[in-house]
Amino acid sequence: STSLFFVMAAVSHVSPLNQLVTPLLTDMYQISMAYAYWRAGRHNERATFELFFRKNPFSGEYVIFTGIDQVILHLRSFKFSAGDIEYLKSLPSLANADPAFFEYLAGLDCSSVVVDAMRDGSIAFPRVTLIRVQGPLIIGQLLETTLLNLVNFPSLIATNAARMRLAAGPDKTLLEFGLRRAQGPDGGISASRYAYVGGFDGTSNVIAGKCTGIPVSGTHAHAFVQSHTGWGDIKDPMLSGVNFVERIKELRSSKPAWENTNESELVAFVAYAQSFPNGFLALIDTYDTMSSGVENFVIVALALTELNFKPLGIRLDSGDLAYLSKEVRRRMDEAADEFNCAHLRDCKVVASNDINESVLLSLNNQGHAIDAFGIGTHLVTCQAQPALGCVYKLVDVEGTARIKLSQDIAKVMIPGDKSAYRLLDKKGQPLLDLLTRRHEPAPEPGKRVLCRHPFEENKRANVIPTTVIPLLETIWDGPNQTSNDPVTPKDAREFALAAVKTIRSDIIRPLNPTPYKVSVSSSLYSFLHEMWQDNMPIRELE
């Protein structure tokens with residue numbers, strides 16, 4: 001069963017949420033390189049790797065970086081099991097490997113590794129270091145694929161969720177409904193967890209709620225309404241000592257229009273209300289939203305309020321959501337006045353039905369009366385962009401900086417061990433992110449610093465920051481046997497929402513956002529271009 005793959009990480013704090021996250025969750029070439037390093041006697045050389053992304057997703061200008069909780073748990077539990085070693089021995093490509101290599105792997109852990117990272121839920125920008133891994137060359141190499149896997153999809157989901165949160169507005173409730181469309185159990189749980197980090201308020205995914213502690217929400221589907229055929233489906237008519245079914249029938253007969261609603265739908269609403277009198281939220285579009293669904297909801301809601309219960313509202317899952325939401329809101333407000341039932345004005349309108357960021361923006365332009373959105377497919381599958389594209393690069397070996405060049409300038413790597421800072425203005429808003437060489441003094445508040453575009457010589461500016469924020473913190477210190485505790489989804493969510501508020505609105509707007517500046521220090525700029533020239537062969541033309 002796939003459920004065996006998941007454990008309560010929130011309880012154990014020992015291993016990742018998914019038990020498949022082991023040293024074998026990697027690409028084969030990582031194992032091949034590990035053997036080559038070991039055989040050459042280079043496996044213990046000190047190396048620095050950096051994880052970053054090159055391009056923002058969704059045609060935007062930012063990423064919500066997350067997944068560090070699972071990175072910490074992987075570092076804690078990194079160990080090749082006896083079964084792992086036996087499997088590696090069976091691989092044809094390792095058939096002639098020295099047996100001592102497998103003995104070495106069996107004793108390998110992360111006790112010699114130091115990992116620095118951005119805080120979980122940080123807003124991040126291209127080329128800025130997200131994770132820095134320092135330690136033996138062989139361990140750094142073996143961590144590559146797993147770390148990329150643990151942060152790529154979570155950060156993409158959180159960013160998608162954050163964009164939808166901005167599109168919907170801060171006062172709307174957002175619920176993730178995507179489990180049935182997600183890429184397998186792990187994709188579903190990851191989507192639920194990290195959509196919450198990005199700003200959603202809850203999920204329909206029950207196992208995600210159990211494993212991660214995020215709020216779970218859900219009422220009923222069309223099948224529940226369809227399953228009812230008549231009053232005979234209700235075996236007990238009572239609710240709080242009152243014949244609830246009789247009262248419903250009395251109310252229905254009091255208005256001629258109500259006598260024409262779909263009766264089986266009304267029966268279904270009554271049955272659900274009896275089970276959840278303070279949680280009654282009805283899906284009203286099974287048959288006809290305006291002539292049946294909303295009227296049947298009003299009948300049941302009135303009967304519930306007479307018994308001092310508080311119905312929650314209705315859900316729309318089809319049709320013109322802008323128009324229908326306003327009409328349903330109007331009808332509930334009219335009923336509130338007609339029957340002197342003020343609580344009907346407090347009932348919420350929830351909408352689902354293939355909603356994405358563009359739909360949210362369109363609804364805002366049209367005007368709507370929706371209080372909460374249930375969003376599934378477009379959120380959890382990230383249909384607008386299926387991958388983030390984080391990369392993991394070797395930047396230093398034994399104190400010697402390394403560089404990777406490319407004909408595509410976007411893929412030219414900034415070499416060497418680096419520090420990263422965010423420079424803020426007087427308003428507390430980020431001006432730019434600055435990369436420096438690791439040994440350079442940190443920029444200081446109130447002091448001018450020259451910030452340069454890494455590749456375009458004429459793009460440079462003197463910046464006098466009011467505040468300087470180091471972006472990387474140590475999350476794992478193997479030699480000193482210390483590590484951060486994984487941040488809870490709630491804490492990461494609060495940090496992410498606060499971080500987004502600090503960014504200028506023109507940078508986070510959905511269409512044609514202003515590019516955010518990522519700069520390098522003057523020293524790093526010179527170093528980058530010197531290495532570039534030193535390592536790029538000079539062509540000869542004949």
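Student: How many salt bridges does a search of the whole structure find?

Tutor: The search finds 28 of them, a salt bridge being a side-chain nitrogen of Lys or Arg within 4 Å of a carboxyl oxygen of Asp or Glu. Keep in mind that this is a predicted model, where local features need pLDDT of at least 70, side-chain atom pairs count only at pLDDT 80 or more, and totals for chains, interfaces and linings use all residues. Residues are numbered from 1 along each chain as its sequence is written, and side-chain values use heavy atoms, with hydrogens and water left out.

Student: OK, which residue does Arg-76 meet in a salt bridge?

Tutor: Asp-485, at 3.1 Å from N to O. Arg-76 lies in helix α3 (residues 68-77) and Asp-485 in the loop between β22 (482-483) and α16 (489-502), so this pair ties together parts that are 409 residues apart in sequence. Helices (H or I, at least four residues) and strands (E, at least two) are DSSP runs here, numbered from the N terminus.

Student: Is Asp-485 buried or exposed?

Tutor: Exposed, with 59% relative accessibility, while Arg-76 is partly exposed at 27%. Buried means under 20% relative accessible area, exposed over 50%, and partly exposed in between (1.4 Å probe, protein chains only).

Student: And what does Arg-165 pair with?

Tutor: Arg-165 forms a salt bridge with Asp-201, and the closest N and O atoms are 2.8 Å apart. Arg-165 sits in helix α6 (residues 137-168) and Asp-201 in the loop between α7 (184-197) and β7 (202-203), so the two tie together parts 36 residues apart in sequence. Arg-165 is buried at 9% relative accessibility, whereas Asp-201 is partly exposed at 26%.

Student: What about Lys-447, which side chain does that one meet?

Tutor: Glu-444, in a salt bridge of 3.2 Å from N to O. Lys-447 is partly exposed, with 48% relative accessibility, and Glu-444 is partly exposed too, at 40%.

Student: Which residues are linked in a network of salt bridges?

Tutor: Glu-295, Glu-327, Arg-330, Arg-331 and Glu-334.

Student: Switching to rings. How many aromatic pairs are there in the whole structure?

Tutor: The search gives 13. Rings of Phe, Tyr and Trp (its six-membered ring) pair if their centres lie within 6.5 Å; planes under 30 degrees apart count as stacked, over 60 as edge-to-face and the rest as tilted. One of the pairs is Phe-455 with Trp-532, which is edge-to-face, with 5.9 Å centre to centre and 90 degrees between the planes.

Student: Where do Phe-455 and Trp-532 sit in the chain?

Tutor: Phe-455 is in the loop between β18 (449-452) and β19 (460-463), and Trp-532 is in helix α18 (residues 522-535). The pair links distant parts of the chain, 77 residues apart. Phe-455 is buried, with a relative accessible area of 17%, and Trp-532 is buried at 18%.

Student: Which residues form one aromatic cluster?

Tutor: Tyr-35, Trp-38, Phe-101 and Phe-102.

Student: Let's zoom out. How many helices and strands are in the protein chain?

Tutor: There are 18 helices and 23 strands. The C-alpha atoms fill a box of roughly 90 × 55 × 50 Å, taken along the principal axes.

Student: And what share of the residues is buried?

Tutor: Buried residues make up 55% of the 542 in the protein chain.

Student: What about contacts between residues 24 or more positions apart?

Tutor: Such residues account for 74% of the contacts with a separation of 6 or more, where contact means heavy atoms within 4.5 Å.
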